[in-house]
Amino acid sequence: MSLKSRSAMVVGAGIAGIQAALDLADMGVKVHLIEESATIGGRMPQLDKTFPTNDCSMCILAPKMSESVRHPNITIHIKSKVESVEGLPGDFKVKIIEEAKYVDPEKCVSCGICEDKCPVKVDDEFDMNLRKRGAISRYFLQSIPAEYTIDKEKCLYLTKGVCKICEKVCPAGAIRYEDVDKTIELSVGAVILSTGIDTFNPIHFGNLGYKRFSNVVTSLEFERMLSASGPMGGHVVKFNDHKEPKTLAFIQCVGSRDESIDHNYCSSACCMFAIKEAIIATEHIKGLKSSIFYMDIRAFGKDFDKYYENAKNKYGVQFIKSKVSDISENEDGSLTLKYVYENGDIQYKEFDMVVLAVGLQPRKGMPELAEKLDIKLNEYGFCRSDAYTPLTTSREGIYVCGAMNAPKDIPESVVSASGAVAEATKYLRLERQKLTDPKDAPKEIPVAGVRPRIGTFVCHCGINIAGVVDVKAVAENAKDLPNVEHSEDLMYACSPDGLDIIKKRIKEQNLNRVVVAACTPRTHEPLFRETINEAGLNPYLFEMANIRDQCSWAHQNEPELATEKSKDLMAMAVGKAKELKALDRLPIDINPKALIVGAGLAGMVAADTLATAGHEVYLVERENKLGGNMRNIFFNFGKDPQKHLADYIERVENNKHIHLYKNTEVKKIDGYVGNFETLIVEKESKKETTFDHGVTIIATGADEHETQEYKYGETSTIVTQVEFERMLKNKKFPKKPKTVVMIQCVGSREEGKMYCSRICCTKAVKNASVLKDMMPNTNVYIVYRDMRTYGFREKYYTELRDKGTMFVHYSPEKKPEVTLVDEMNPDSGVNVTVFDPIMDKEVQITADMLVLSVAVDPKKDNIDTARMLKIPLNADGVFLEAHAKLRPVDFATDGVFLCGLAHGPKDMDESLMQAKAAASRALTFLNKKQILAEGTITEVNDTRCTGCGYCEITCAYNAIAVDPEKEIAIVNDALCKGCGACVASCRCGALDLRGFTNEQLYSTFDSLALTEELEIF
Amino acid sequence: MTKKFEPKIVSFLCKWCSYTGADLAGINRSQYPTAVLPIKVMCSSRIDPVFLIKSYLRGADGVLVGG
C-alpha cells in the first residue's frame, strides 16, 4: 500500500496547469499551484484567437482563471519556483521560493495609478517587447491574481534607493518595499509538472533577417500585433512607415524539423497557427494577400483541414511548397524572399511583411529544473516520457502534462492535464466529499411576502470610481429610490471593513436586499453574496451595479454624464433588487458507479483508472474480444503494442470493480448526471440487464474506411495498411514485395470527408520502416499529399528517408492511377502513375504490392448513441465535445464524457491520455456524494403550460421536457444551465427564469429615468 | 429646458460574452458614450421581443442586444 496525501502540487500555471489544478481541486484535493511569472494563464493570454474556431483566446481562458483563483482548494503561488522535492511519492516534502512582490495583495485594488506614474519603462515581455511597461506593473490587463507587483531588478527605489513614487500615489497604501523572498515548505502526495515551452528565437538564422529587417517578425509577435488588446490595438502596420502591409509571407518550420539545430521534431501547432494568423490578418486588412511557404501543411487535428481549405478558398491564402533560403530588405522596407522548389527551381518574390512561424522548444532552465526534481530529459531537452506512459516522468509520483514533454496544441494540453491528474490520484487520498450539512449553514431570514427593505452601498474603489463619478451624489440619490431604507458610500466595499459595515447595516436596519454599486459582478459578486449570507440573507438577494468597469473607466472624460449613468445603473439595480426572491440550490445525489461504452484501448484505460480509484465500473463491449482497433497493431517503433494490450486486458478482466459485459450492446440510457439508468442486452442470449450509474464515458471507437478506390478488392496484392501490418507480422505476403507503393489519404481530406485521419502518415512510415528492416533491398514509394508526422514522429520520417524510401507528392486534383500489369492476372503486380505537381512530371512505378492508407471513419451507428444520450455529432458524424479547445473530453451534457477514436482519429498514446482525462473528469463528479444545482434555473407555471413542447426543442441541454402523463413541461434542475432560451420560446408565458424573471427584468428597465414615458402598459 | 439631449440605449448583454466584453473595454479604458445602459442576462436567447418593445415604450432611445 503506497503512501497517500490530501495535497498535490502543480508546477506551471498555463492552461495545462490550470486544468490540472481545477480537476484535482474538484476531487477534493488541496492544490498548490506554483507559477514563476506574476500571473496564471501561461501562453494562452498572449494569443489573439485560437484555431479552428477563431474563439478569442482570453475570453475562453478567463473563466478558468477566475475559477482557479476562487476555488477554496487551490492556493496560487505566483513568482515562485520549486527549489527541491524530497521524499517518497505520497509523502513528498517540497521547498518553494516565493519572490517578494513588494505590493500587499490584500490592499491592492489594481487601479494602475502606480504604473502610470512609474518613471521606469521596461520592455513588456507579454507584448513580445513591442510595448513598454512600468517597473511596477500587472502582467496583462486580466492577469490573475489582479494585484500589481514590482520588478526588483528594474525598480529605482529597490536598485538605487530613490523614487518611491508608487508609494506616494497608491490610494490603497499597498506598497511595501520591505517585502522579502520567502521559502515555503509543503507536504504533497504527488507533483504535476506543466512548465510549458518557449518559442524558438530565429536570431540564429541570419539569412531570415530577424531583428535586422524591421518588417520581419515572429508568429508570436504578429499575434500580439493582431490582438485588439495588443501594442497595435489590432491595427497591423509596418514598422518602417506605419502603413498597412498589402502582402504578407509566412515562413514555416523556423526552428522545427531542422537537424542542423538538433530540432529533428515537428512543433505540431505552427501550421495551424500560421493559417489562423493569415485568416485573421485578412479579416483585419482589406485586400491583404498572404502566402505561406511550407514543407508540409500539418493540419491533422479535429476540423483543422476544413479550416485549411477555408483559408485557401475563402480567404485566398496562397500556399507555396518550397524552402525560403534567404530574405533581403529593399529600400522601401519591403522584403524579397528567395525560395527554392524541390526540383531546384529558384524564385524571388517581394512582400511587405514576413512572419516567421517559430517552432516550440523546451523552456530555458529545463536542465536545472530536471536536476532539482531528479527527472530525466529526452534527446531534445523536453521532459522524458514513454509512448505507453505519456504522462509520467522518470521519477515515480511526478507527472507531466502540456507541452513540457512534447509539442502540443491547447486541447491536447488540456487532455494531458486531466490525464496527469488521473495518474496522480494514485498517491492522493480521495474521500467522497459531502456537502456541508444544511444544519451548519447560517439560518436564513425569511423574505417571502415581506416588503423589500433595500440597502445600497456605493464604492469609491479608491479613486477608480470616485475620481470620475460623484460617489456621494449617487449614494444620496439612491435614498429616494423606492424601497431603499439605507444608502451610504464606502471607500472599498470589498475590504474586510467594508464587508463588516454591510453586515452590520443588514442587522441594524433589518435590510432584506442589498445592492452594491462597484467594480463588476464578474469578479466580486461571489464575495458579496457570501457576505450577505453570513448576515442571514439568502445569497440571491443581492444585486450589483457595475459603475467601475462599465462606467467610470469607460467614461473617464465625462464625469457628469458618468455620474448620471451611475445613478441610472443604481436605479436599475434597485429596480431589480426589489423583485428578487430567495433561491434554493437543490442537492443532487451522485451515484458513484460509471458506465463505459466500448472496451478498446480507451475504454479499458478509462475503466482501469476509475476502478483503481475505487469506483464500480460497467464496461460494455459489443464484440466478443477486448481491445478494439488495437488488436490490429503489431508494431510501434520498437515497442510491442500487443504486450501492452495483453496487460490491459488482464488488468480489466481481473479487477473486481470492473463488471465486464462482452458481446453486449447498450439499448437505452436514461437519466442525468449522477443518476443514469442503463439497459444492456447480450447479443446472443438476448439477456437484458439494467443498472444505475452516475457518469457515462463514450469510448466506442471508429472504423477503418472501406474503400473502392485504386482497384482495392480486385487482387490480394492491393491491401490496406492494417492488412499489410498483419502480413508484416506473419511475414507472409501474397507476392514477394520487392517494390511496394503506399498511397496516402485514401478516403481522407476530400470533398464530403474533409478531415485528416491523423494516424496514416505515421502508420505508413512505421510499416515502411518495418519492411525496410525486414527486407532492406525492398523499394518503397510513399505517394502522399502532406507528410503529417507531427511531434517527435518526425524522427521516424527522416530516418525512413535516410533508409532510401522515395516520397512522391500528388495533389487531389490529379490522384494516382492504378492499373494491373496484366489485367488477366490479378497477381501480376500493379502500375501506379503519379503526377507530381512540384516536379511537374509524371512518375510511373511498377510494384508488387500496393498499400492503401485508408481513412479512419466514424462508426455508422454513432447517431444511435448520440440520440440515446442526446449528445451532438459534428458534420463528419464524429461526437462533438463541449468545447473544441478547453473541454475536449466533456460533453455539454453534464456527466457524459468522451475518449479515444470516438472523438476523432488519434494515435495510441493520445487515446490513452484522453481515456485517463475522461476518467479524471468523471472522477470530479464521482468523488462527490452530492452536487448543488444552480439557483438560477427555469421554473414552470403548471397552470399556464399547455405542454406544446417548444421549450424541449429549444433547450440545448435537454434540461426541460414535457411529461407525457401530466402533459406539462418539467425542468431537470441538474441539467438546467439557466440560459433562459426556453423562457423566451414559451408561447403561453408558463416559463420563467429564476433570478432573471420577466418581472425582475421589466422592473430593471422600468426603473430607468427615461426621457418620455408612454402610458400603454 | 436647455439640457442637451442624451440618448439612452437599453443594452441587454450576455453574461458570458458581451457583458464580459464591456468589462474588458473598461479595463482597457476604451471610451464610449454614456448612453449605453447595460442589463446583464444569462444568455441573449433569454431576450423576449417583448423586452425590446417595452424598453421603447418606456422611452428608451435605442435597444442593443449583445450575445
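Reader: What makes strand 40 and strand 41 of chain A a pair?

Author: Two strands pair if DSSP finds at least two bridges between them, and strand 40 (residues 779–784) of chain A and strand 41 of chain A have four bridges, in the parallel sense. They therefore count as paired. One bridge joins A:Tyr781 to A:Met806 in strand 41 of chain A. Strands here are DSSP E runs of at least two residues, helices are H or I runs of at least four, and both are numbered from the N terminus. Please keep in mind that this is a predicted model, where local features need pLDDT of at least 70, side-chain atom pairs count only at pLDDT 80 or more, and totals for chains, interfaces and linings use all residues. Residues are numbered from 1 along each chain as its sequence is written, with chains lettered from A and ligands numbered from 1 in the order written.

Reader: Why are helix 10 and helix 22 of chain A called roughly perpendicular?

Author: Their axes cross at roughly 70 degrees. Axes are lines fitted to C-alpha atoms, for helices over the stretch in contact, with angles from 0 to 180 degrees between N-to-C directions. Under 35 degrees counts as roughly parallel, over 145 as roughly antiparallel, 65 to 115 as roughly perpendicular and the rest as oblique. Helix 10 and helix 22 of chain A are therefore roughly perpendicular to each other. Their axes also come within 7 Å.
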